[in-house]
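Here are my notes on the fold, as promised. Have the model open while you go through them.

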Amino acid sequence: MLTSLSRGAARRIGLAAQQLPGRRSGPVTRTQVVRVTTRLAQIQLDSVSVLTRAQRMPLFSRLGDYEIELLRGLASGRRRILFEYWGHAACLIDVDLQPVLRFRMAAAEREAWGSMRTIQREHPEVVAQALRVVEENGPSTAREVSALVAGRKADHEHWGWNWSQTKTALEWLFWSGALAVAGRNGQFERRYDLPERVLPTRVLAAPTPSLLDSHIILVRRAAQALGIATRRGLRDYFRTAAVPTDEAVDALVESGELLPVAVEGWRNRAYLWHRARVPSKVDAACLVSPFDSLIFERQRALELFELDYRIEIYVPAARRRHGYYVYPFLFGDRFAARVDLRADRTHGVLQVLASWQEPGHPSPTGQIAEALGAELTRLAAWLGLDGTEVLDRGDFSSPLRAALGWHGA
């Protein structure tokens with residue numbers, strides 16, 4: 001018999017599983033960062049830096065002001081606990097999941113992007129040379145590898161090598177597991193190296209699980225991170241295929257780790273992680289990145305939080321509803337507003353290009369504005385900016401300006 005849950009209870013379960021709200025007072029320790037990253041299992045990377053890199057925000061949302069070096073330290077060196085690979089997308093992933101993701105590496109010939117498969121099939125010598133250059137020179141970007149190959153004149157003339165081919169070959173090697181990522185440089189370019197020079201020895205020595213066991217582990221980690229989700233949500237977390245994911249869900253239901261439940265307003269059956277907490281109340285007040293795992297799956301965000309969210313980076317400016325890089329604002333256990341943010345580093349200002357109030361939030365407008373204003377002030381200080389500027393666009397700009405005491409020139 002299915003257990004039933006209210007939407008409010010499901011929201012609180014989902015937020016607690018995602019470590020929201022976190023402890024956002026006092027200095028942030030490495031232990032706190034490890035706890036959050038372990039629970040989330042992965043943090044999505046993205047190159048857009050109009051505010052700050054996407055991978056930096058989930059920890060700020062949960063822990064407040066923290067030293068970026070804490071995250072960087074967890075993703076570098078032979079004692080790293082995070083490694084870069086394809087999870088939900090390009091992510092920093094719990095390094096203990098590397099053996100579990102080897103099935104994805106082994107399936108590169110079927111699942112890697114077309115250009116990667118093409119260069120591996122039609123120009124294996126290019127792939128071999130790229131691997132040799134990294135082997136000989138250590139951590140290298142695609143540009144560095146291309147320059148080194150170009151210096152080997154005979155090879156370069158023979159292959160007609162160019163930077164695009166270099167990048168594609170390196171990406172094939174990365175996808176297939178022949179190379180790993182040692183880190184990123186200041187231009188956010190991957191620095192490729194051999195796995196044995198990147199990953200901890202214990203990870204390299206770990207046996208490769210079966211396909212089913214790999215999916216059971218990934219679904220288990222997704223369920224722990226989400227607290228409650230449909231099959232679609234569990235598949236989406238690590239972007240796993242439907243059939244093996246469904247088999248893993250069934251296995252976890254059989255073992256009692258996943259409990260089938262009906263959630264108020266949800267069209268499909270949900271699965272509750274058997275150790276999920278059900279807080280009686282959640283008092284969050286934080287901005288959430290467009291790439292935060294809380295809202296990975298947009299259908300879940302709609303059903304769980306009534307948040308109709310689409311990222312509009314690739315939408316022509318004239319057709320955007322809310323803005324280019326919009327952060328929803330979580331207040332209590334629901335989203336109360338959304339803001340289009342940009343760090344104007346030339347003038348040292350956090351710009352709120354547009355601000356919008358979410359319909360249906362129970363808190364008064366002024367209370368939401370005060371809480372959002374305090375969070376924007378905290379964010380600006382963390383980014384090393386001197387203040388916040390609210391532009392007059394969106395239905396929430398006036399209350400937000402009033403809360404910040406900002407009236408323009």
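1. Ground rules. This is a predicted model, in which local features need pLDDT of at least 70 and side-chain atom pairs count only at pLDDT 80 or more, while totals for chains, interfaces and linings use all residues. Numbering starts from 1 along each chain as its sequence is written, and side-chain values use heavy atoms, with hydrogens and water left out.

2. Domains. The chain splits into domain 1 (4–94 + 208–273), domain 2 (99–198) and domain 3 (310–404); the bounds come from an automatic or database domain assignment. Taken over C-alpha atoms, the centres of domain 2 and domain 3 are 40 Å apart.

3. The sheet. Four strands make an open, mixed sheet ordered S1-S8-S9-S7. Strands (E, at least two residues) and helices (H or I, at least four) are DSSP runs, numbered from the N terminus, and two strands pair if DSSP finds at least two bridges between them. At the edges sit S1 (3–5) and S7 (228–230), each pairing on one side only. Neighbouring strands are turned by 45° against each other on average, direction ignored.

4. S1 against S8. S1 and S8 (residues 258–263) run parallel and are joined by three bridges. Thr3 is the residue opposite Val261 in S8.

5. H14 and H15. The axes of H14 (residues 231–238) and H15 (residues 242–255) come within 10 Å and cross at roughly 120°; axes are lines fitted to C-alpha atoms, for helices over the stretch in contact, with angles from 0 to 180 degrees between N-to-C directions. The crossing is right-handed, i.e. the near helix is turned clockwise from the far one by less than a right angle. Arg231, Leu234 and Arg235 of H14 touch Ala242, Thr245, Asp246, Val249 and Asp250 of H15 (contact: heavy atoms within 4.5 Å). That contact has three nonpolar, one polar and four charged residues. For the classes, Ala, Val, Leu, Ile, Met, Phe, Trp, Tyr, Cys and Pro count as nonpolar, Asp, Glu, Lys and Arg as charged, and the others, Gly among them, as polar.

6. H17 and H18. How do H17 and H18 cross? The axes of H17 (residues 365–382) and H18 (residues 397–404) come within 8 Å, at roughly 60°. That makes H17 oblique to H18 (under 35 degrees is roughly parallel, over 145 roughly antiparallel, 65 to 115 roughly perpendicular, the rest oblique). H17 passes H18 in a right-handed crossing. Residues in the contact include Leu372 and Leu376 of H17 and Leu400 and Leu404 of H18. By class, this contact has seven nonpolar, three polar and one charged residues.
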